[in-house]
Amino acid sequence: MNYLKEVVILLLGPYLILLCRRVSGEQISSKGVINLAHRQSKWTPLMQMSANLSDITSIRSFFEFRTLDPEGAVFYGDTKEGQDWFVLSLRDGIPEMQIGKADILVSVKGGRKLNDGAWHLLELRNEGKFVVLEVNNKVELVVGLHSKLVEDDLTGKIRLALGGMLVDKQKLFHPFEPEIDACIRGGHWLNLSTTWDTDSTWEPRPCFSEIKKGSYFPGTGVAMFNTSDLPGLKTEEAGITVEIFGSWTGTMLSLQSTGFEYILAVLDGNKDVKEVQLGLKEGSESVALPREPETLTFTILKHSLVVNSVTELEKESLDFFSMWKKGMLLTFGGVPGDSEKAKSTHDLRGCLEKILVQGQVIDLDRALYKHTAVSSHSCPTETFILAG
């Protein structure tokens, strides 16, 4: 088999299935808008399917693609039940192709950055022994591969997947984070018309008509981190700082450990006041203080918690530095769990332009858990959305 023809099949195949996929009785148009984000698990593809290699007659596809996310899996394909595989992803916003075949592993990255929030026309095609990626009608990446160890074979099945992989991530030559906050539209996909298989819990989500950088919380859902995985203490005097920039209402964050809970929220309907609720083992209390426009600095000291330079809690019996190092649950957007307190709080609604912990940008794609309604890298500039 001409391997490069097989690679093009893997490159171009997945999206054509969008022609016929039905969700809740509605057919998704081939020219519609598809949101690649909001997967239920990290590496499991958003969608997958299989088809006979002999059914593939077209080796050219093009579609529009938009993202602000610098990294993630776009689509995947394999033959021989994963012995030969291919994945197209972004790294630092730049397209990257990784291929595994027989004893060969190839990783090639190149072309222009695609994570600028604009729609880009992508075309993938075969030219002899090479796979060509065009962006906005300009050739950006060319990949060639030849193996003498594998015989030509156009029989059997091809498996295709969108937004994830069907082989173990350990097979990757250059590991990456698979989650991607991105959309596609206006696709023209090969010649097949087979349906995608999706997880029973998957629900299609629309794409915003215009986007800007940030993390969007729609009033439902949280993102959770273990503090032991986050940047730690540098000096006791400076403490540990969490800086948040943006515009929001509702619960900004909660901090939880055994016998301890701290909730920081902006009162709904009053953007000039934020409410700090402290829930301790011995009882609870709440206070309100002025809110600096679109900024919030939360500082953890050894025995106290400080919000915008105002001390809100002093507790000599607690060592917050030790608790942070051992691991507390830091949740952005609400209070996790099904407790009465969690149910009574209002989840965050708004755009967080940036979250810094000890001066380092926090990527919500690295969270222990992130609700599928939360967008990691994009916020709407308006409330209008594009229908899928």
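These legends describe close-up views of a predicted model. Local features need pLDDT of at least 70 and side-chain atom pairs count only at pLDDT 80 or more, whereas totals for chains, interfaces and linings use all residues. Residues are numbered from 1 along each chain as its sequence is written, and side-chain values use heavy atoms, with hydrogens and water left out.

**Figure 1. Overview of the protein.** The protein has three helices and 31 strands. Both are DSSP runs numbered from the N terminus: helices (H or I) have at least four residues, strands (E) at least two. Of the 388 residues, 54% count as buried. Buried means under 20% relative accessible area, exposed means over 50%, and partly exposed lies in between (1.4 Å probe, protein chains only). Of the contacts with a separation of 6 or more, 71% fall between residues 24 or more positions apart. A contact has heavy atoms within 4.5 Å.

**Figure 2. The disulfide of Cys183 and Cys207.** The structure holds two disulfides, each a pair of cysteine sulfur atoms within 2.5 Å. Here Cys183 is joined to Cys207, S to S 1.9 Å. The torsion about the S-S bond is about -105 degrees, so this disulfide is left-handed. Cys183 sits in strand E14 (residues 182-189) and Cys207 in strand E15 (residues 207-208), so the pair ties together parts 24 residues apart in sequence. Cys183 is buried at a relative accessible area of 5%. Cys207 is buried too, at 1%.

**Figure 3. The disulfide of Cys351 and Cys379.** The sulfur atoms of Cys351 and Cys379 are 2.1 Å apart. This link is right-handed, with 90 degrees about the S-S bond. Strand E27 (residues 349-357) holds Cys351 and strand E30 (residues 378-380) holds Cys379, so the pair ties together parts 28 residues apart in sequence. Both Cys351 and Cys379 are buried. With the bonded cysteines numbered in sequence order, the pairing reads 1-2, 3-4.

Figure 4. One cavity of 30 Å³ or more is counted. On a 1 Å grid over the protein atoms alone, a cavity is a set of points where a 1.4 Å probe fits but cannot get out; lining residues have an atom within 4 Å of a point. Grid points are joined across faces, edges and corners, and a volume is the space filled by probe spheres set on the points. The largest cavity holds about 50 Å³ of space. Its lining consists of Phe65, Val74, Leu88, Ser89, Leu90, Pro95, Leu114 and Leu122. Strand E7 (residues 84-91) gives the most to this lining, with three residues. Seven lining residues are nonpolar, one is polar and none is charged. Nonpolar covers Ala, Val, Leu, Ile, Met, Phe, Trp, Tyr, Cys and Pro; charged covers Asp, Glu, Lys and Arg; the others, Gly among them, are polar.

Figure 5. Asp92 is not a glycine, yet its phi is near 55 degrees. Asp92 lies in the loop between E7 and strand E8 (94-101). At 42% relative accessibility, Asp92 is partly exposed. Asn137, also not a glycine, has a positive phi of about 70 degrees. The loop between strand E11 (130-135) and strand E12 (138-144) contains Asn137. Asn137 is exposed, with a relative accessible area of 61%.

Note on methods: 1 Å grid on protein atoms, 1.4 Å probe; cavity = no way out; pocket = protein on both sides within 12 Å on 5 of 7 lines; lining within 4 Å.
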